[in-house]
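Dear colleague,

I am handing over a structure to you with this email, and below it you will find my notes on what turned up in it. Please keep the structure open while you read, so that you can look up each place as it is mentioned.

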Amino acid sequence: MDMSQHGRSGYRPFFLCPISLEIMEDPVTVATGVSYDRRSISRWLADHDTCPVTNQRLTDLTLTPNATLLRLIRSWSTTTTIAAFVSFPEISEILRDLRDRSVHSDGKLRALKKIKTLLLRGADAGGCVDTLLSMEEAGVTSLVASLLICEPSSYLEITDELNVLIDEAAVTLHLLKPSSETLKVVSERNEGELIASLASLLQRGSYQGRVGAALLLSSIFEVVGEELKSRLPSDVIEAVVEVLKDQNASRRTTMALLTVLLEVLPRGDNRCKAVETGLVDVMVELLVEDGAVDKRKCEVMLAVLENMCRTAEGRAELVAHPAGLAAVAARLVGVSSEVTEWAVRVLVLVCRNCGGDAVAEELMQVGGVTRLFAMVQMDGDRMTKMMAKKILAMHMKKWSKSPCFPSYCFP
């Protein structure tokens with residue numbers, strides 16, 4: 001079907017065959033879920049056994065008619081006035097450059113920059129959402145995601161040029177704002193290959209690349225399935241912790257990675273893996289360094305620490321850290337009700353399971369007991385105050401003998 005014979009109204013890029021870049025006359029879908037014009041994909045499959053868009057091997061070569069898409073195309077065709085067709089030539093060119101393996105890194109880098117230019121143009125014209133949808137429907141989003149997965153067989157060596165391309169792909173993919181459905185598909189493909197690549201980028205990427213990787217991982221773990229979260233490789237958690245150690249990491253990056261931890265820690269044996277990476281020490285040090293200036297960040301850090309204290313190893317690491325109990329106790333009052341709640345939750349887990357004299361003595365010395373008493377006297381969440389009273393009751397006998405014990409009677 002000649003595109004020049006049709007007007008633009010109602011047209012969508014997914015009417016185009018990804019191979020011929022012309023409007024499909026007989027759309028069919030292959031096993032990967034991508035639709036092509038029957039004539040174009042049949043020619044392709046005569047010499048290949050892969051999906052042209054995803055590069056995945058097709059074990060099933062069945063071509064399933066896409067009746068819904070055909071109906072949409074015909075409806076558009078019959079209602080559109082005969083006029084000059086205004087296509088998306090930039091998108092067509094981008095698709096070619098991203099899909100063609102003979103195009104080198106510099107060519108693909110130019111394609112990524114074109115994408116960013118189109119997004120900016122769409123935003124300036126007030127059509128950013130339409131531009132994003134057009135990109136995703138045309139398959140651009142999936143192709144950009146594929147650039148993040150380095151295939152050693154495709155390159156003689158990992159060059160600086162390739163590193164720049166991967167950094168740019170991470171930033172661009174974040175800007176494309178993939179839908180939940182698309183992000184889930186590309187992230188779960190090949191057992192989470194994209195996630196592993198982003199974790200690697202966290203450790204070796206540029207500043208912008210690391211920010212892009214962190215933000216993508218935060219979005220990805222909101223949509224991927226429980227199975228992938230449960231069997232997360234240790235090196236992914238290790239990469240997250242390494243970036244959190246970096247004092248130069250931006251707040252945006254740190255918050256994104258803390259959100260990732262909150263999503264994955266409760267699953268499988270991720271808490272134990274995180275203990276081995278030194279996450280408890282990192283959280284304590286961040287609490288000490290940041291103080292209580294950033295309330296939201298403080299809240300999330302304590303939530304991560306509470307997750308870690310649900311394991312014996314995590315509690316042991318917190319108690320063993322010279323500033324561990326002091327850092328938590330300092331957040332009991334004076335920050336926010338949410339921060340208070342998470343700090344109390346951490347101390348409940350520690351006092352209930354590590355209730356020795358040494359822990360009780362340290363809490364007294366660092367002012368934790370005084371703050372707990374102050375908490376129960378102030379207005380606040382009833383459940384949080386009940387947890388604080390439980391902590392006080394656990395060690396009342398020990399603490400009441402201390403000269404630092406408040407003179408007023410505990411109810």
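Counting the cavities of 30 Å³ or more gives two of them, and please bear in mind throughout that this is a predicted model. The largest cavity holds about 40 Å³ of space, and its lining is made up of Tyr 207, Arg 210, Val 211, Val 243, Asp 246, Ala 249, Ser 250 and Thr 253. When these lining residues are sorted by class, four are nonpolar, two are polar and two are charged. Which helix gives the largest share of this lining? That is helix H10, which covers residues 207-223 and supplies three residues.

Turning to the pockets, the second largest pocket contains about 630 Å³ of space. It is lined by 26 residues, of which Gly 33, Val 34, Ser 35, Glu 136 and Glu 137 are the closest to its centre. Two elements each give two or more residues to the lining of this pocket, namely helix H5 (128-138) and helix H8 (180-188). By class, the lining of the second largest pocket divides into 14 nonpolar, nine polar and three charged residues.

There is also a sheet to look at, an open one of three strands in the order E2-E1-E3, with antiparallel pairing.

Finally, a word on charged pairs. Side chains of opposite charge can pair when their charged atoms come close. In this model the count comes to 16 salt bridges, and one of them is formed by Lys 114 with Glu 93, whose closest N and O atoms are 2.6 Å apart. Where in the chain do Lys 114 and Glu 93 lie? Lys 114 is in helix H4 (residues 105-124) and Glu 93 is in helix H3 (residues 89-99), so that the pair, 21 residues apart, links distant parts of the chain.

With best wishes

Note on methods. Residues are numbered from 1 along each chain as its sequence is written. This is a predicted model: local features need pLDDT of at least 70, side-chain atom pairs count only at pLDDT 80 or more; totals for chains, interfaces and linings use all residues. Side-chain values use heavy atoms; hydrogens and water are left out. On a 1 Å grid over the protein atoms alone, a cavity is a set of points where a 1.4 Å probe fits but cannot get out, and a pocket is an open set with protein on both sides within 12 Å along at least five of seven lines; lining residues have an atom within 4 Å of a point. Grid points are joined across faces, edges and corners, and a volume is the space filled by probe spheres set on the points. Helices (H or I, at least four residues) and strands (E, at least two) are DSSP runs, numbered from the N terminus. Ala, Val, Leu, Ile, Met, Phe, Trp, Tyr, Cys and Pro count as nonpolar, Asp, Glu, Lys and Arg as charged, and the others, Gly among them, as polar. Two strands pair if DSSP finds at least two bridges between them. A salt bridge is a side-chain nitrogen of Lys or Arg within 4 Å of a carboxyl oxygen of Asp or Glu.
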